[in-house]
Amino acid sequence: MKASFLILIVSALFFISSCQKEKETEVLTNSSLIAKKNSNNWISTDTWGSYSEAEQKFYLNALKRHPKNDQEEELSISFAMKDLNSPMVTSDFSSEWVRVVGGSSVADGYHIDSRAENKIEILSVDTQKKIITGKFSIQLVRDSKFSDKGETLTFQSGYFSVSYSEVDNYKSQLKFLRQL
């Protein structure tokens, strides 16, 4: 009887732990920005975007938190888009990646490598639901504040589906927020 009870408990624990793993995987695959960062999977834990009507420009941000070591990575991409109803491909955009330690100290940074073939493809913009989807391939070069050796960081096979808000002027909004 005790052996049967023990087998039942072990089986129940195994079933519960296997369900937990499936749930974690589901959360990861529903991320709003996924890419291969230097050939390793990079999955955002948080994303947000803004469309500046005055500039006719999108600002997209993806954050990956590392709670075990109190670090974050942030990838930001901005590009002009005048016609929200037409898909587009562009190499005219800016992007940067930063690693933040302790919540506010930038420990490393990269910006777009203008020598590389960088590309963003906008697949759709749902102006009713405020969601922009697309694909990207970006090479970044280390900021000279951190190193002058020209190290690169690549994001390949990138895909995003990001909710955005509309703002009058993104740069004015940033200045206002920094004053708070």
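Predicted model: local features only at pLDDT ≥ 70, side-chain atom pairs only at ≥ 80, totals over all residues.
Four residues lie between the strands in the hairpin of β4 and β5, where Asp-70 takes a positive phi near 55°.

Strand β4 is also joined to strand β3 (residues 46-52), in this case by seven bridges and again in an antiparallel arrangement, with Asp-46 having Leu-63 of β4 as its bridge partner. The hairpin formed by β3 and β4 has four residues between the strands, and Gln-56 in the turn has a positive phi of about 55°. Of the ten residues of β4 (residues 57-66), seven are buried, so this strand is largely enclosed by the rest of the structure.

Across the whole structure, a search finds six aromatic pairs. One of them is formed by Tyr-51 and Phe-58, whose ring centres are 4.6 Å apart and whose planes are at 50°, a tilted arrangement. Tyr-51 is buried, with a relative accessible area of 5%, and Phe-58 is likewise buried, with a value of 0%. Together with Phe-79 and Tyr-164, these two residues form one aromatic cluster.

The rings of Trp-97 and Tyr-110 make an edge-to-face pair, because their planes are at 70°, with the centres 5.5 Å apart. This pair links distant parts of the chain, since Trp-97 lies in strand β7 (residues 93-101) and Tyr-110 in strand β8 (residues 105-112), 13 residues apart. Trp-97 is buried at a relative accessible area of 4%, and Tyr-110 is buried at 10%.

Terms used:
Residues numbered from 1 in each chain as written. Heavy atoms only, no water. Buried < 20%, exposed > 50% of the residue type's maximum accessible area, 1.4 Å probe, protein only. Helix = DSSP H or I, 4+ residues; strand = E, 2+ residues; numbered from the N terminus. Pairing = 2+ DSSP bridges. Phe/Tyr/Trp six-rings, centres within 6.5 Å; stacked < 30°, edge-to-face > 60°.
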